[in-house]
Amino acid sequence: MRWLDRLRGRDRELQDELEAHLRMDVTDRMARGASRADAEAAAKREFGNSLLVTETVRDVWGRTWLESLWGDMRYGWRSLWSRPGFAAMATLALALGIGAATTMFSVLYGVLIDPFPYKDADRLVLLSVFDLDRSSEMGRRRIVTRDEAREFSGLTDIFEGFANSDPENGVLNRGGLDYPVQVISVGGEVFPFIGIRTMLGRGIQPHDAEPGSPPVAVLSENAWRKVFAADPAVVNQNIMLNQQVRTVIGVAPKRFAWFTGDFWIPGENGFVTPTNPGGLRYMQARVRPGVPIARVNAELTAVGKRLRAANPGQYPKNIQVRGIYCIDDLVGPPFRLTLYMLSGAVFMLLLIACSNVANMLLSRATARYREIGVRMALGAGRMRIVRQLLVEALLLAAGGAAMGSAIAYGGVRALQLVLPPNTFAPESVVALNVPVLLFAVGLSIFTVLLFGLAPAWQVARRNRVEWLRGVSKAAGEVSRTNWLRDIFVGAQVAMSLILMVGATLLMRSFAGVFLADTGVDAKSVAIAFPFFQQNAYSDRGRLRQLMDEAEIQVRSLPGVRSVAQATGTPILNGGASAEVRLVSRGAEQGVSVMASGDSTGLLDVAGYRITQGRWLTDADVAGERNVAVINETLARRLNIANSPVGAAVALHIGNDPTRYEIVGVLKDAPNHGLRLPVEPAIHVPVTTFPFSPGQLVIRAQGHANGLLDPLWRELQRTLPNTRFIYLKTLDTLLEPELGAHRFALALLGTFAVTGLALALIGLYAVMSYAVARRSYEVGIRMALGARAQQVVQLLATRGAVIVAIGIVAGTAGSAAATRVLASYLGPVSTHDPLSYGGVIAALALTAMVAIIVPATRALGIDPARALRHE
Amino acid sequence: MSTHEPYKNRIELLQGTLDMLILQTLRWGPLHGYAIALGIRSGTEDVLQVETGSLYPALHRLEKKGWLRATWGTTENRQRARFYQLTAKGKGQLAEEQAKWSQMVDAVAALMSRRPGGEQV
């Protein structure tokens, strides 16, 4: 505050100057023979009023803008400080609104709105082929083949460019150690297409994908750190990837996570890689600006229909080809709606906070008419008063904004810690969203100014005489703003209710995931999936023998409770996509199912429960008997829920149907992830399954983590010629899903709690004010013998009525607003009475506290004092 | 003019005249406020006595206008005091004021010396 020191210094100098004048006068007079006392008295007399002189000189200097601002600020500070409760609550409300809204929106933005660092990511679509005849998730949608990709790449009218990618599990050998890695074969066009700039070296160029080009690879930032210790000299080093020597040409930046790769290698010659000759690939395309997605889908489907006409056997009858926006794949199709909804919720939170503060300022304004009247009577100009109010409002807004920014910063940091890796797009980065913070702060300042200046309107309207007369009149006049305050409170309650109901409904559906009966504790299950070298076991019998041997060896490991061979993975995935028909009704449309070839141990490993019949026996497996166990859902779909055991079904995997006899039914358990509904599933002996035995699933006696190392050693020994073995515990595989749900729960919980807190603050502040304003009336009533209960009742009734109206309006609003949630809620109804009841009860209870506590404070009013005071 | 009752004959200063008197007093060199007051008083043979309530605001006003420059110094009695001195701008202003003043004095004198009625000629 140097300008302040300078101002003070100038004052002091003036004092010195004037004193010097006096002293010299005294000296002269004494030199002329006067006594000191006489000289001093005379000099002072002649000097006149030194204070007046000082003031006049100061007037000559003029009051600087800063000086008067400083004065206003000091006054404003004192005025706010004189009611610390008001200042604290208003600041807290503003801070909560700004902080929560900014945090939420930052997460939304980072995770949902702009998660991809790729060029024009909002126009990227993944081309997908649909079989509309299939109703269930499985087998309905697939990515595209090489031939299809070639056809689609001709659609340059609607697409700007294309990117073909093929992710696969690979192995990096370094220093004699094998690391399981994700290797993505990409077309030479991919790097320029997504417009990524490498951190080191260069990206894959089109010429790298031409035949005969030297083999190269681009490294992910993550792999660079983990495997190469962030060595900047990694570029031009040779690495051993999938038993092939490749030269590292570059390192991708941190956020680049195209198909969660560790390495990107150029796809060879028209994108036929050795591991995926003519197979499926992910084809992404960038839609030209302004082309509607409906046209994109129509043209794609036309190509699909042409392909089917040329080759009817290979394509579904009811084919449809669509471009799916990347972001829709991440969140689900009604993505925009979700986004609008969540943004709406964020905005609502901010609105609640602002209406809160507006309310408090209006309340405070009424209390200030007297003060303003006095100041005007003492000669303060209108502009001066308005400026004073402005400065006070700004002080309040500044406090709220500073605290809100701190909350937003801390909130984003906290969420970054909670945000599970790879849950949403791996590319997503959550960072404090500055434009939104500015918007929130701006809106708050606007609100505070708008309502903080409310008394100023009155100042402008009335003249001084009226002010002088009118303290009591002012109070009457101001009661006109009461309806505005009541509406604000009611609206706050309603908005909080909508927010809380929405959040609670979603939380209930998310929580279902944690409460789902999975049959087995995912922590105790491990999955081992061996990848064999190319053509190592063309003889399937030999492979089966090896897997049987591995199963027996693993079973004898200490700590292993049970082990099985299975195509599917418990909870996550029911197996291969297939179709089942009842033999007795051959012509009927089949049911899409997940089919798994299992050994008998799976019953215990997966914790399945038999409801009818029996499970597969060792004799079934060893004897290659065509018997099957189905789940309840499949029994229902086949319409044989009453007597499934003994029914004969035909299982179509590929083109050759096999006849199976149903011997048992399993109780439904999640088999397509925790959130999606149970798919129809069929289990058959692994020996009768047309595909190679896929994986071993192991259930440990305790936590499966400790089993991973012995398992790895055992499998390396018993399964020769593996490229690598994918070995994970089931809970780590479920973690992304669980993490996402935990995160969503935390986020929604914060929404709900913040809404509730803001409603509480608002109600409390307004009620406190009402009580303070009516202390005179309460004093009279108590002096006349009113009982405590009557007084509280009197004060609480108005608040209770407003809250009740708010709750009714909010309930109606929730019923309308949550309709858009329906597709997310799964089994939870949008009218779930438990959620509504819980929220209404919580809000009503909170409101009651906010109303009753200030009301009981009125009981402390001393009637005599209250009466004297007025 | 040489009366010994200075208080009775004191004249209210004309607006702007004080500024000119201060500038005039300072033309021989820097002086502090007390000396300026004394200077004006003795220079007008006690007719004009400047009150501190007018003097200091005027000094600060002239300083603000840039006609005066103020520095802290010591008097012959080794008192610390604020000395004012004319700036170049102040000197120019003084010349201008003097010209205006003599014009006014002439004009006022011409009017005042004329006989009533004007029938003389």
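Predicted model: local features only at pLDDT ≥ 70, side-chain atom pairs only at ≥ 80, totals over all residues.
Residues are numbered from 1 along each chain as its sequence is written, while chains are lettered from A and ligands numbered from 1 in the order in which they are written.

**How confident is the predictor?**

Let's start with the scores. For the complex, the predictor gives an ipTM of 0.82 and a pTM of 0.64. The two chains look like this:

| Chain | Mean pLDDT | Residues with pLDDT of at least 70 |
|---|---|---|
| chain A | 81 | 87% |
| chain B | 80 | 82% |

In chain B it happens over residues 1-10, with seven contacts beyond near neighbours in sequence. Two residues are "in contact" if their C-beta atoms, placed from the backbone, lie within 7 Å.

**Where the chains touch**

Now for the meeting place of the two chains: 16 residues of chain A are in contact with 16 residues of chain B. On the chain A side, the elements that give two or more residues are α1 (2-31) and α3 (50-61) of chain A. The top contributor is α1(A), with eight residues. Sorted by class, this side of chain A has nine nonpolar, four polar and three charged residues. For that sorting, Ala, Val, Leu, Ile, Met, Phe, Trp, Tyr, Cys and Pro count as nonpolar, Asp, Glu, Lys and Arg as charged, and the others, Gly among them, as polar.

**A walk through chain B**

Chain B has four helices and three strands, and along the sequence they follow the pattern α-β-α-α-β-β-α. Of its 121 residues, 26% are buried. A residue is buried if 20 or more other C-beta atoms lie within 10 Å of its own, exposed if 12 or fewer, and partly exposed in between, with C-beta atoms placed from the backbone.

Look for helix α2 (residues 33-43) and helix α3 (residues 52-65) of chain B: their axes come within 11 Å and cross at roughly 115 degrees. (Axes are lines fitted to C-alpha atoms, for helices over the stretch in contact, and angles run from 0 to 180 degrees between N-to-C directions.) Where they meet, B:Gly33, B:Ile36 and B:Ala37 in α2(B) face B:Leu55, B:Tyr56 and B:Leu59 in α3(B). That makes five nonpolar residues, one polar and no charged.

The strands of chain B form an open sheet of three, in the order β1-β3-β2, with antiparallel pairing. (Two strands pair if DSSP finds at least two bridges between them.) At the edges sit β1 (31-32) and β2 (68-74) of chain B, each pairing on one side only. Two bridges link β1(B) with strand β3 (residues 80-86) of chain B, and B:Leu31 stands opposite B:Tyr84 in β3(B).

**A covered strand in chain A**

Back in chain A, find strand β15 (residues 591-598): eight of its eight residues are buried. A:Val591, A:Val593, A:Ala595 and A:Gly597 point one way, while A:Ser592, A:Met594, A:Ser596 and A:Asp598 point the other way.

Strand β14 (residues 576-582) of chain A pairs with β15(A) in the antiparallel sense over five bridges, and A:Glu579 stands opposite A:Ser592. Strand β20 (residues 681-685) of chain A runs parallel to β15(A) and is joined to it by five bridges, with A:Ser596 opposite A:His683.

A:Ala230 has a phi near 55 degrees, a positive value in a residue other than glycine. A:Ala230 counts as exposed because 11 C-beta neighbours are inside 10 Å.

A:Gln243 has a positive phi as well, about 60 degrees, and is not a glycine. This residue lies in the loop between β7 and β8 (244-251) of chain A. With 11 other C-beta atoms within 10 Å, A:Gln243 is exposed.

Conventions: pLDDT = per-residue confidence, 0-100.
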